[in-house]
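Q: I would like a close look at one helix and its packing partners. Please take it slowly and keep the contacts in view.
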Amino acid sequence: MGRGRGGTDLDSAAVGGPPDGSPSGGAALRVRGLVKRYGPRTAVDGMDLDVTAGGVTALLGPNGAGKTTTVECCLGLRRPDGGSVRVLGREVAGAVPDADHRSAVGAMLQDGGLPTSARPLRLLRHLARLHAAPRDVDALAERLGVPAFAGTSVRRLSGGQRQRLALAAALVGRPRLLFLDEPTAGLDPAARLVVWELVREAVGEGAGVLLTTHDLDEAERLADHVVIVDGGRAIAAGAPGELVAGASASVRFTASPGLDLAPLRQALSEEVAVAEPSPGSYVVSGAVDPQVVAGVTSWCAQRGVMPQALSVGRPSLEEVFLDLTGRRLR
Amino acid sequence: MSETPAPVGETPPGSSRGPSPAPRAAPRAAPPGARVLAQARWEAGTMLRNGEQVLLTLVLPALVLVGLSRTTLVDLGLEPGQRAVDVVAPGVLALAVLSTAFTGQAIATGFDRRSGVLRLLATTPLGRGGLVAGRVLGVLAVEAVQVVLLGAVALAVGWSPEPLGLLPGALLVLVGTAALTALALLLAGVLRAEAVLAVANLVWAALLVGGGVVVPADALPGPWGALVHVLPSGALGEGLRRASEDGALDLPALGVLVVWALAASLAARRWFRWD
């Protein structure tokens, strides 16, 4: 599983991070060793994270992995207990960023944060006034379909309408770094496409984006860099394709949990590994060839076990993610 | 299959699309004054559009004004020759300030805190300081509207204030607003939104009846009448009545309000939670 991942960043470093003379030197966000504790609980435990200017980093992780806390530390909403957070070339850990700095950073928070009695267009106009050179509010609102609900108070908007308004609020100041905490949760497919299009546009103009999501499809489509987090730290990082390519080919199937794997290991060559990463889900990985596949199915046949969802090949990003973070619910 | 994840690289990852486009000019915030004014406008507009707020800040004070000036339901402790409206009108202005600066602000801030509005605004160029400044200015703007409208009603029902009292009155309203807004933020920043709603309304009703706002301290029973002078509500009410009656600045009342403003601001700074 670890094969091919360590070198990823070094390989791509020659291409990315252009020395463009800006103070950030190509890095929109650089987090090293971030620690945040809530009382006895450590929510973020040595997080490392990078977002390049003009790049999208997706932060993937199960609930409670520390994604939102990380975003909040980067935004100055929480004071880290340790580590360094450089936003657009400036250290923000333990400091309140100044107004120009905040103008260069856009945020879409998970709880929305939109005033419930506000009318959408009035709110966007107000937020635009806080910036020296905001985007054209009407054009932005039009793109996100805000005029259709311009006169409805936030409290009466649907979840998807609220998400679109929150994205417009994050984009209105033309940020160079954009934090999107689950931007497409609850959106219908058409609205999701509009959101992706706007994010790509901002990226095309040189903005860096940190995206947290549960949607692996979204991560694969939008992100050029994926960081998988669990237990408050990054446990793997790389381009989506590299994360998947780094995982060896495998035979996967599900069956009743707790099968005795020792006979299977004996039947197969020593170059493959057999594991049950979560109850009932089996992975045979390594030098997978037709002999290995035949070995697995005949082992199943001998035992009278019907292998469900039998698949051979490289795992999807979702499978890589689940193998790394475990499948138990938390 | 090894489960050892790769370490995260020390160098920033690059995109596979080649060099990023040339950087744009860095976004700038609007000037500080413009930001605070924009927020004040937003806050005042939001307060004046909210039906419950208008009921609390304009309709109820107007009813109290007309009701107490025209009837003798409540013993105002009038001296011989004193007219009810001259005692009630400045008290109603104090009530209006209490409604907007304390009850209205506490409720609005409590719910904004719960729905994450305070957090979101803290990430915009406005920031936390700008948010507080904008709110206080917004409160003052609404109070100006209240003073004009309620003052006009009071004059219409016969209020004849001492014109010299305008300046001391304005000073007391200013300092009283600082004290009451700080108390509102303290309440909203510590309790849950529903509790804020309940406490802020309860305090409003209690102070209306016995807080020295509309009913003068001297008309309240015994030791309570004396105690009321050191409440922000009593100090504001007594101070405004004094200004309206003979145009003088009630220094003890001003002192009480200054102390409340300082203490409540310090406490709010210390205990206010943004989320």
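Is the crossing of helix 1 of chain B and helix 5 of chain B left-handed or right-handed?

A: The crossing of helix 1 of chain B and helix 5 of chain B is right-handed. A crossing is right-handed if the near helix is turned clockwise from the far one by less than a right angle, and left-handed if anticlockwise. This is a predicted model: local features need pLDDT of at least 70, side-chain atom pairs count only at pLDDT 80 or more, and totals for chains, interfaces and linings use all residues. Residues are numbered from 1 along each chain as its sequence is written, while chains are lettered from A and ligands numbered from 1 in the order in which they are written.

Start with helix 5 itself. Helices are DSSP runs (H or I, at least four residues), as strands are (E, at least two), numbered from the N terminus. Helix 5 of chain B has 30 residues, 127-156. After helix 5 of chain B comes Gly158(B), with a positive phi near 110 degrees.

Now the first partner. Helix 1 of chain B covers residues 32-49, and its axis comes within 7 Å of that of helix 5 of chain B, crossing at roughly 50 degrees. Axes are lines fitted to C-alpha atoms, for helices over the stretch in contact, and angles run from 0 to 180 degrees between N-to-C directions. Helix 1 of chain B is therefore oblique to helix 5 of chain B. Angles under 35 degrees count as roughly parallel, over 145 as roughly antiparallel, 65 to 115 as roughly perpendicular and the rest as oblique. Contacts (C-beta atoms, placed from the backbone, within 7 Å) include Arg35(B), Gln39(B) and Glu43(B) of helix 1 of chain B. On helix 5 of chain B, Gly130(B), Gly134(B), Arg135(B) and Gly138(B) are among the residues involved. By class, this contact has ten nonpolar, four polar and three charged residues. Ala, Val, Leu, Ile, Met, Phe, Trp, Tyr, Cys and Pro count as nonpolar, Asp, Glu, Lys and Arg as charged, and the others, Gly among them, as polar.

Next, helix 3 of chain B, residues 84-114. Its axis comes within 10 Å of that of helix 5 of chain B, and the two cross at roughly 155 degrees. That makes helix 3 of chain B roughly antiparallel to helix 5 of chain B. This crossing, too, is right-handed. Among the residues of helix 3 of chain B that meet helix 5 are Val85(B), Ala89(B), Thr100(B) and Gln105(B). Helix 5 of chain B contributes residues including Arg135(B), Glu143(B), Gln146(B) and Ala154(B). Twelve residues of this contact are nonpolar, three polar and two charged.

Last, the record. An unreviewed UniProt entry lists "domain: ABC-2 type transporter transmembrane" for residues 82-264 of chain B. UniProt positions are given in the numbering used here, feature names are shortened, and annotations may be inferred rather than shown by experiment. In the model, that span is 80% helix and 0% strand, with end C-alpha atoms 36 Å apart.

Note on methods
Expected span 1.5 Å × (residues − 1). Contact = placed C-beta atoms within 7 Å.
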